[in-house]
Amino acid sequence: MTSPSKPKPKLVLHVGMPKTGSTALQSWLAASRSSLRAQGVLYPGKGTSHGFLVLPLDFANHGPRLLIDRIGRVQAEADRLFETEWQALEAEIAATAPETVVLSTEYLFVRLGLKGRETLLARLGETFSEVQVVAYLRQPSKHYASFALQRVRHSAILPPLAPMRVRETLETWEAAFPGRVSVRAYDRDALVQGDVVTDFLTTQLALSGQGGETGARVNESMGAEAAHLMQQVQRVRFAGQDNVVLRARNRYRKRLLTADKRVPGAQRPKLLPEVAADLDESSTDLLWLRDRYGVIFAGLAYERIAERPLNVGSLERIADLFELDEARLHLLETRMQRLHVPLLSWFRGGRG
């Protein structure tokens, strides 16, 4: 436990949500440890994030896939590792005596209500004088688009279309930390200087004039045309092998990303307008977010938001969800053939 002879630091706990610039923020904080420490802020550890925080939270049944792959599903092992990591955290706090500690993992966003939360909450209460929770939220249609493009890297099965449901999650955080939950819109028009790093530093740490664009895209983007090809290959070549590590799939994806960069005309992937509108206008939690936290997404037709089933139904193909540039898709297919990637021959001629 933290030494009683020293005042406990404040904790700023960044919990995501996923697909809201968390990796960019974490990478900047990790790279800026020295300058932050000089200002009384500790970003602990040696990695870029603090996924160990979810280890007590029914890890055997609800652990993140990447952590499950590393340590397995044995809860006792997860608990042992959590205690080891927490002791290391307290030792670093004792050695540096910061005024503020920042911990960050998007894994926590939807998991605080799980069995085992008492362990995490007890440690937080013992180590810190107060806890300020911050979550960034993304417009439903933009969040789904980003999530789908990430999913298709490892799976032919896209996440189901559904209205955004975040109220219950945020109310769980509010119950644990009353009056200490800050919710920010992950939207260029709402972020300070249009940047999540600058926004976090300014609004959560009161460190102005820092941050800015990190200069690197830590999650390499995939265009809609490339995502279409990726899904088609997986449907034919890797059917039934979703969300497992496959070297052949990784090799194909790497070549596809390289080809995607070299084909001109790339645009930011966009859902079809009718799909985007359906997701946004059926997400009634947006009204609650506006009224409870003042979170507003520019350009969203709030007067059209209502509780209703999705009009577009269940769509399962990238081609049914995203705007595709057919000319660019043809160029990308041609470039992949010139790279002698044989996987294309398994489905060429069919886009269904």
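Predicted model: local features only at pLDDT ≥ 70, side-chain atom pairs only at ≥ 80, totals over all residues.

K10 stands opposite T100 in strand 3. Strand 1 and strand 3 (residues 100–104) run parallel and are joined by five bridges. Further along, V12 has V102 as its bridge partner in strand 3. Strand 1 also runs parallel to strand 4 (residues 130–137), and five bridges join these two strands. Here the bridge partner of H14 is V134.

The wider arrangement can now be set out. The sheet is open and consists of five strands in the order 2-3-1-4-5, with parallel pairing. Its edges are formed by strand 2 (41–42) and strand 5 (181–185), each of which pairs on one side only. Helix 9 (residues 196–204) packs on this sheet, where it touches strand 1, strand 3, strand 4 and strand 5. The direction of helix 9 makes about 150° with that of strand 4. Strand 1 itself is mostly covered, since four of its five residues are buried. In a regular strand, side chains alternate between the two faces of the sheet.

Most residues other than glycine have a negative phi, and most peptide bonds are trans. Against that background, G16 and M17 are joined by a cis peptide bond, with omega at about 0°. M17 is found in the loop between strand 1 (10–14) and helix 1 (22–31). K19 lies in the loop between strand 1 and helix 1 as well, and K19 has a positive phi of about 65° although it is not a glycine. Another example is N243, a non-glycine residue with a positive phi of about 60°. N243 is placed in the loop between helix 10 and helix 11 (247–262). Because its relative accessibility is 35%, N243 counts as partly exposed.

Attention now turns to the helices. How do helix 10 and helix 15 cross? Two packed helices are described by the angle between their axes and the distance between the axes. The axes of helix 10 (residues 224–237) and helix 15 (residues 326–338) come within 9 Å and cross at roughly 55°. Helix 10 is therefore oblique to helix 15. The crossing of the two helices is right-handed. Helix 10 contributes E225, A226, H228 and L229 to the contact, and helix 15 contributes R328, L329, L332 and E333. By class, the residues of this contact of helix 10 with helix 15 comprise four nonpolar, one polar and three charged.

Helix 12 provides a view of the interior. In this helix, V275, A276, D278, L279, D280 and E281 are buried. The buried residues of helix 12 pack against helix 7 (140–151), helix 13 (285–293) and helix 14 (318–321). One of these residues can be followed in detail: L279 lies in helix 12 (residues 273–281). Its relative accessible area is 1%, so L279 is buried. Which residues does L279 touch, not counting residues up to four places away in sequence? They are P140, S141, Y144, L161, A162, L271 and L310. Moreover, the C-alpha atoms of L279 and Q139 are separated by 9.3 Å, although these residues are 140 residues apart along the chain.

Notes
Residues numbered from 1 in each chain as written. Heavy atoms only, no water. Axes fitted to C-alpha atoms, helices over the stretch in contact; angles between N-to-C directions. Parallel < 35°, antiparallel > 145°, perpendicular 65-115°, else oblique. Left-handed = near helix turned anticlockwise from the far one by under 90°. Contact = heavy atoms within 4.5 Å. Nonpolar A, V, L, I, M, F, W, Y, C, P; charged D, E, K, R; others polar. Buried < 20%, exposed > 50% of the residue type's maximum accessible area, 1.4 Å probe, protein only. Pairing = 2+ DSSP bridges.
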